[in-house]
Amino acid sequence: MKTVLAFDFGASSGRAIKALCDGSKITCEEIHRFDNIPLEADGHIYHDVEMIMAEVKKAIKKAGRVDSLAFDTWGVDYALLDENGDLLNPPYHYRDGRTSNAIEKAENILTADRLYSLTGNQIMSINTLFQLICDGSLNKADKLLFMPDLFSFLLCGEKVCEKTIASTSQMLSPETQDFSDEVLTAFSIDKKLFAPLTESASVIGDYEGIKVVSVAGHDTQCAVAAMPCADEKNAAFLSCGTWSLIGCELDKPVLSRESCELGLSNELGANGKINYLKNISGLWLIQETKRDYAKKGESYSYNELEQHARIAEPFRCFVDSDSPLLSAHGNLPDKIREYCKKTGQCVPESVGEIVRCIYESLALKYRLALEQISRCTGKSFDVLHLLGGGTKDGFLCQMTADSLGIPVISGPVEATALGNIILQLIALGELESVDCGRRIIAESEKLTRYIPESRLDWDNAYKKYIDIIK
């Protein structure tokens, strides 16, 4: 019987989950949670590493005796260290505006098509490579650590580069599972900048008698590791939180020009598979809307927002959740109204109309993304596993089933933490494989099945949606 501590950090919050495994069941308890509020200084946005590590120490103290601990975080962000292992500066937040023209700069060196064929990553300005192009401290750095590896290093002193988080960087080849020499040479990045590549589920060090484990550092890959579908061949997944990542597991990457043009990504999974997926701005749109209304003195719980959306008229207006207009903080309801006005749609006014527009637009974007994935892989899907915080939103779950026309199995809500946990248990020798962990999760976690309804309405809405976002 082993006890482990999973640190699951998102770009807006962090928490620590203590878990006990008896070989057939995993029992979890959240023991600590904190807001991960970025630092803003000199016109830039940074991660507050000192604050985060103080919260980590608090959580370890609260946890008491545990056998191991591990970190998973959001992707793409990194820290630069000097020869003494000290931070050169606070790590930049991926929403920092310095990368707005980075893709154009990069294409003067390597075309987007070539970059994609070498790395398999969707071309996004937030990707690590594009951040590095804009980082004036790069030439002073001795080592680069991705965020989960940074937190591990600050505890145990060991520098590693876990593969799943590295696969979000636009620098790692999904075929060789090593950094691309062509990419690094083209952008004058020394391979020595990176710590040794490490597999998921590896013990890397020790902190006060606790084993420090490198799990799937990218939270999406932890969530997918917890997908309760060990034996399903035609399952898709949707990791639904601040970001929505929808995709499937493959044996080999898809590096075609069409895949590049459609913005699909190949990331490494904790089980050695390729997670072929689409990054979509997700529940951040709801979170930001809630914050904006609160600033105006209208405070709503997430349940209240859902209830307002339920009674709003359906299919009045849609937005592309990934439109640059909607990507920055502040005044999101007004930006949605502006988008709808520019595209000749009904303009949503009430809070319910705004939130319903977001929900329906997300469900329709999921349908578009899964159709694109089917086209590039030749696979058809008969079920979608919806994982993470979005599972608590039954309205969105049902909309997703209706939009896709296939059953949606919702759960586990703590998918990311559970993936972190089962990978620690594999590293400790308590579980044999990811599939073994998935079976335990499928048997012990609460799952809800949503069956598609009202297909005609959604088919008509989808045609309208496609015309609007072209």
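**Close-up 1. Strands β2 and β3 pair in the antiparallel sense.** Nine bridges join β2 to β3; two strands count as paired if DSSP finds at least two bridges between them. Helices (H or I, at least four residues) and strands (E, at least two) are DSSP runs, numbered from the N terminus. The model is predicted: local features need pLDDT of at least 70, side-chain atom pairs count only at pLDDT 80 or more, and totals for chains, interfaces and linings use all residues. Residues are numbered from 1 along each chain as its sequence is written, and side-chain values use heavy atoms, with hydrogens and water left out. Ile17 has Glu30 of β3 as its bridge partner. Four residues lie between β2 and β3 in their hairpin. In that turn, Gly23 has a positive phi of about 100°.

**Close-up 2. A salt bridge links Arg15 and Glu30.** A salt bridge is a side-chain nitrogen of Lys or Arg within 4 Å of a carboxyl oxygen of Asp or Glu. In this pair, the closest N and O atoms are 3.7 Å apart. Arg15 lies in β2 (residues 13-21) and Glu30 in β3 (residues 26-35), so the pair ties together parts that are 15 residues apart in sequence. Arg15 is buried, at a relative accessible area of 10%. Glu30 is partly exposed, at 37%. Buried means under 20% relative accessible area, exposed over 50%, and partly exposed in between (1.4 Å probe, protein chains only). Arg15 and Glu30 also belong to a salt-bridge network with Asp8, Arg33 and Glu414.

**Close-up 3. Six strands form an open sheet with mixed pairing.** The strand order is β3-β2-β1-β6-β12-β11. β3 and β11 (202-207) stand at the edges with a single partner strand each, so one side of each is left without a neighbour in the sheet. Neighbouring strands are turned by 25° against each other on average, direction ignored. Axes are lines fitted to C-alpha atoms, for helices over the stretch in contact; angles run from 0 to 180 degrees between N-to-C directions.

**Close-up 4. Strand β1 pairs with β2 and with β6.** β1 and β2 run antiparallel, joined by eight bridges. Lys2 stands opposite Cys21 of β2. The hairpin from β1 to β2 passes through three residues. β1 (residues 2-9) and β6 (residues 68-72) pair in the parallel sense, over five bridges. Here Leu69 of β6 is the bridge partner of Leu5.

**Close-up 5. Phe7 sits in the largest nonpolar core.** A nonpolar core is a set of buried Ala, Val, Leu, Ile, Met, Phe, Trp, Tyr and Cys residues joined through side-chain atoms within 4.5 Å. This core has 129 residues, and Phe7 and Ile189 have the most contacts inside it. Helix α13 gives the most to this core, with 15 residues. A second, separate core has 39 residues, including Ala19, Cys21, Ala201 and Ala226. Beyond its neighbours within four places in sequence, Phe7 contacts residues including Arg15, Val56, Ile60, Leu69, Phe71 and Asn420. Contact means heavy atoms within 4.5 Å.

Close-up 6. Of the 27 residues of α13, 22 are buried, so the helix is largely enclosed by the rest of the structure. Just after α13, Gly378 takes a positive phi of about 75°.

**Close-up 7. Seven strands form an open sheet of mixed pairing.** The order is β15-β16-β14-β13-β17-β18-β19. β15 (264-268) and β19 (448-450) are the edge strands, each pairing on one side only. Neighbouring strands are turned by 30° against each other on average, direction ignored. β17 (residues 383-387) and β18 (residues 408-410) pair in the parallel sense over three bridges. Leu386 stands opposite Ser410 of β18.

Close-up 8. Arg310 is partly exposed, at 40% relative accessible area, whereas Glu306 is buried, at 10%.
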